[in-house]
Amino acid sequence: MLPDDESRLTVRDDLATSVLANNRAAGRKVAVAESCTGGMVSAALTDIAGSSDVFSAGFITYSGHAKQTQLDVSSEIIETFGEVSLATAWAMAAGALANSDADVAVAITGIAGPGGGSEKKPVGQVVFARALRGQDPDDYFTQRVQFESTDRATIRHHATLFALDLLQPDKDELRPSEDIALSAP
């Protein structure tokens with residue numbers, strides 16, 4: 001393993017351990033709905049021994065069809081806004097809650113590259129949503145992030161960290177927000 005890979009893994013594992021400990025202390029379960037990260041958030045959580053009392057479900061819904069059948073994302077949302085959109089991420093998070101016993105769910109959909117981007121949706125654009133059981137769906141957190149990298153592994157790593165951080169109980173007060181750009185060295 002390369003030194004950079006080791007440091008990425010350490011950062012990921014530390015954050016996943018914190019997410020599990022903090023949600024365990026809060027007495028709640030988490031779920032994730034992943035597209036461009038392809039299960040990396042779920043893997044980060046389940047790599048930690050004892051995660052089964054906190055981690056409820058992980059949905060890897062890479063295709064639009066999978067989003068529709070596993071998470072109940074409507075075809076109208078996908079056709080109108082596209083698979084990489086605030087609306088789709090919002091629906092994915094809602095579907096992860098509806099199809100699990102989790103108290104909080106995070107969804108990730110994006111364009112990890114190196115191809116597949118467009119002027120409106122460039123490589124590195126990742127959209128996140130966070131839903132809390134019992135929360136007014138109008139208040140679900142949604143965020144479009146433009147990672148300033150075109151390296152697939154880098155984008156996916158930083159998207160995984162961003163999603164893990166969103167699972168922290170101290171993020172419960174987040175509401176829909178503006179687009180941001182983050183460096184992904």
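Colleague: What makes the radius of gyration of the chain agree with that of a compact globule?

Modeller: Happy to explain, and please keep in mind that this is a predicted model. The rule takes 2.2 Å times the number of residues to the power 0.38. For 185 residues a compact globule would come out near 16 Å, and the chain has 15 Å, so the value agrees with the rule. Along the principal axes, the C-alpha atoms fill a box of roughly 45 × 40 × 25 Å.

Colleague: How many helices and strands are there, and in which pattern do they follow each other?

Modeller: The chain has six helices and six strands. Read along the sequence, the pattern is α-β-α-β-α-α-α-β-β-β-α-β.

Colleague: Why is Val145 called buried?

Modeller: Buried means a relative accessible area under 20%. Val145 has 1%, and therefore it is buried. You will find Val145 in strand E5, residues 141-148.

Colleague: Why is Ala25 called exposed?

Modeller: Exposed means over 50%. Ala25 has a relative accessible area of 71%, so it is exposed. Ala25 belongs to helix H1, residues 3-25.

Colleague: What makes strand E4 mostly covered?

Modeller: Eight of the eight residues of E4 are buried. In a regular strand, side chains alternate between the two faces of the sheet. On one side of E4 are Gln125, Val127, Ala129 and Ala131, on the other Val126, Phe128, Arg130 and Leu132, and all of these are buried.

Colleague: How do you know that E4 pairs with E3 and with E5?

Modeller: Two strands pair if there are at least two bridges between them. E3 and E4 are joined by seven bridges and run antiparallel, and Ala105 stands opposite Ala131 in E4. E4 and E5 have six bridges, also in the antiparallel sense, with Gln125 opposite Gln146 in E5. Both counts meet the cut-off, so both are pairs.

Colleague: Which residues have the most contacts inside the largest nonpolar core?

Modeller: They are Leu45, Ile108, Val126, Phe128, Phe147, Leu164 and Leu167, in a core of 56 residues. In soluble globular proteins, nonpolar side chains tend to be buried together. Val126 also has contacts with, among them, Cys36, Ile108, Gln143, Val145, Phe147, Ile155 and Ala159, leaving aside neighbours within four places in sequence.

Colleague: How do you know that the buried residues of H3 are on the same side of it?

Modeller: The buried residues of H3 are Gly64, Ala66, Lys67 and Leu71. They cover an arc of only 160° around the axis, so they are on the same side of H3. Those residues pack against strand E1 (30-34), strand E2 (55-60), H4, helix H5 (86-98) and E3.

Colleague: Which peptide bond is cis, and what is its omega?

Modeller: The bond from Gly113 to Pro114 is cis, with omega near 5°. Pro114 is in the loop between strand E3 (104-110) and strand E4 (125-132).

Colleague: Lastly, what share of the 185 residues is buried?

Modeller: Buried residues make up 50% of them. The accessible surface of the chain comes to about 8300 Å², and 53% of that belongs to carbon and sulfur atoms.

How values were computed: Residues are numbered from 1 along each chain as its sequence is written. This is a predicted model: local features need pLDDT of at least 70, side-chain atom pairs count only at pLDDT 80 or more; totals for chains, interfaces and linings use all residues. Side-chain values use heavy atoms; hydrogens and water are left out. Helices (H or I, at least four residues) and strands (E, at least two) are DSSP runs, numbered from the N terminus. Buried means under 20% relative accessible area, exposed over 50%, partly exposed in between (1.4 Å probe, protein chains only). A nonpolar core is a set of buried Ala, Val, Leu, Ile, Met, Phe, Trp, Tyr and Cys residues joined through side-chain atoms within 4.5 Å. Contact means heavy atoms within 4.5 Å. The arc is that of the directions from the helix axis to the C-beta atoms. Accessible areas come from the Shrake-Rupley method with a 1.4 Å probe; for residues, only the protein chains shown count as cover.
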